[in-house]
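Hi,

Here is the structure I promised to pass on to you. Please open it next to this email, and then read on for my notes.

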Amino acid sequence: MMPDPGLAGWLRLTLTPGLGPAAIRALLREFGLPDAVLARSRSDLARHAPVTALDALHSPEVDRAVERALEWLAQPQRALLTLADETYPRALLEIADPPPVLYAQGRLGLLQHPALAVVGSRNATAQGMANAESFARALSDAGLTIVSGLALGIDAAAHRGGLAGASSTIAVLGTGMDIVYPARNAALAAQIGERGLLVSEFALGTGATTHHFPRRNRLISGLARGCLVVEAALASGSLITARAAADQGREVFAIPGSIHSPLSKGCHALLKSGAKLVESADDVLSELSGFRPSGRASTTAAAPATASGLLQHMGHDPVDIDALCSRAGWSAEQVSSELLRLELDGRVAALPGGLYQRLEKG
C-alpha cells in the first residue's frame with residue numbers, strides 16, 4: 001500500500017538541511033499544515049527559516065530524499081507519524097521539543113500503551129543484564145511496554161525481557177530506520193520490528209553520530225511514565241536519560257549495587273538526588289500513579305532448595321579466589337573447581353581481574 005501523498009510535505013520540511021525541528025514547529029504554528037507552508041512565499045518563510053534552508057527546500061537532493069522515504073514507507077508495517085496524526089504518541093506532546101515526525105516499524109499500537117524506560121550501561125555485568133531482563137519481563141507482564149535504546153548491555157537485555165513479556169518493547173534508534181547500530185544487535189532489531197516497535201526521528205541514511213544519542217534519550221524517557229536505571233557509571237549516557245525523565249516530570253528509579261563497582265556509582269548518585277530505590281518490580285509499580293498492574297510482576301528470586309557451600313561465602317560483591325579460600329577454609333584447587341561448576345550452572349560469573357560474582361538465579 002502506498003503511503004498518504006500528504007506525507008510528502010512533511011518529509012520535505014523535515015528532510016531539508018538546516019531546517020530544524022524548532023523552525024518547523026514555528027512554520028506549522030504560523031501557516032498550518034506542510035502543504036500550506038510550502039505554498040507561502042519565500043519572504044514569508046524567511047521569518048522562521050535560514051536562507052540556506054530555503055535554498056535547499058526544493059532542491060534535487062531533497063526531492064530524492066523524499067522519494068526514498070516514500071519508497072521505504074510503501075513497505076508493510078512501516079509508517080510516518082506526524083504531529084497532526086491522532087496516532088502520534090500523546091506522551092511526546094508533553095515534552096518540550098517533540099519531533100515533527102517519527103519513522104516507525106512494527107506494532108504502532110504500542111505507542112498508546114503505558115510504558116517504562118529501562119536503561120543502563122553498555123558494558124554491563126552479567127548480574128546487571130540478568131536484572132534488566134528479569135525486571136523488564138516482569139514489568140511487561142504487568143502491562144508496561146518496555147522502552148530502551150537498542151544499545152549493547154542493559155538496553156539489549158531490557159528489550160529481550162520486554163519481548164518475553166505480555167506488553168512487548170519499543171526501541172528508539174539514534175540512527176535512521178535503515179541502519180542498525182550497533183550491528184551486533186541486528187537480529188534483536190529484526191525481532192523488535194516484527195513483535196515490538198522500532199522508532200526514530202532521524203532521516204533514512206542517518207548514521208551513528210555522537211550528538212544524536214542525547215536527542216534519542218529524551219524520546220526514550222518521553223515515551224514512558226518513568227525511567228529505571230539498572231547499572232550506570234557516573235559518566236553514563238543513561239544518566240542523561242534519567243535527567244531528561246526528571247525534567248519531563250517522569251518518575252526516576254534506580255537499582256542499587258555494590259559500593260565497590262563503578263557501574264553502581266551512577267545509580268547511587270541518582271538515589272542520592274531523589275530517585276526511587278528499586279529491589280523488585282512491585283517497587284516500580286507502586287510508584288506509578290494511575291497505573292493498574294495486570295498479570296505477574298514479581299522479580300523476587302526464589303531461594304534454591306540446596307545452595308552450594310561456596311555461595312554462602314561469596315556474598316553479592318565481586319570477590320577473588322584468595323578471599324574465598326580464606327572465608328571457606330578450602331584449597332585454591334577446591335575453590336577453582338567449585339567456581340567452574342557454578343559458572344557452568346549459571347550461578348556465578350567470571351569478571352575481569354580474576355574476580356567472581358554471584359548471580360541470582362530464579
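This is a predicted model: local features need pLDDT of at least 70, side-chain atom pairs count only at pLDDT 80 or more; totals for chains, interfaces and linings use all residues.

**Helix packing**

Two packed helices are described by the angle between their axes and the distance between those axes, so I give both for each pair.

Let me start with helix 10, which covers residues 212–222, and helix 11, which covers residues 237–247. Their axes come within 8 Å and cross at roughly 50 degrees. Helix 10 is therefore oblique to helix 11, and the crossing of the two is right-handed. Which residues make the contact? On the helix 10 side they are Pro214, Asn217, Arg218, Ile220 and Ser221, and helix 11 brings in Gly237, Ile240, Thr241, Ala244 and Ala245. Sorted by class, this contact has five nonpolar residues, four polar ones and one charged one.

The other pair is helix 15 (residues 321–328) with helix 16 (residues 332–344). Here the axes are 9 Å apart and the packing angle is about 110 degrees. Because angles of 65 to 115 degrees count as roughly perpendicular, that is how helix 15 and helix 16 are described. Ile321, Leu324 and Cys325 of helix 15 meet Ala332, Val335, Ser336 and Leu339 of helix 16. By class, the contact of helix 15 with helix 16 has six nonpolar residues, one polar residue and no charged residues.

What classes of residue make up the lining? Ten are nonpolar, four are polar and six are charged.

- Tyrosine 181 and proline 182 are joined by a cis peptide bond, with omega at about -5 degrees.
- Glutamine 77 has a phi near 65 degrees, which is a positive value in a residue other than glycine.

Happy to talk any of it through with you!

Best wishes

Definitions and conventions: Residues are numbered from 1 along each chain as its sequence is written. Side-chain values use heavy atoms; hydrogens and water are left out. Axes are lines fitted to C-alpha atoms, for helices over the stretch in contact, and angles run from 0 to 180 degrees between N-to-C directions. Helices (H or I, at least four residues) and strands (E, at least two) are DSSP runs, numbered from the N terminus. Angles under 35 degrees count as roughly parallel, over 145 as roughly antiparallel, 65 to 115 as roughly perpendicular and the rest as oblique. A crossing is left-handed if the near helix is turned anticlockwise from the far one by less than a right angle, and right-handed if clockwise. Contact means heavy atoms within 4.5 Å. Ala, Val, Leu, Ile, Met, Phe, Trp, Tyr, Cys and Pro count as nonpolar, Asp, Glu, Lys and Arg as charged, and the others, Gly among them, as polar.
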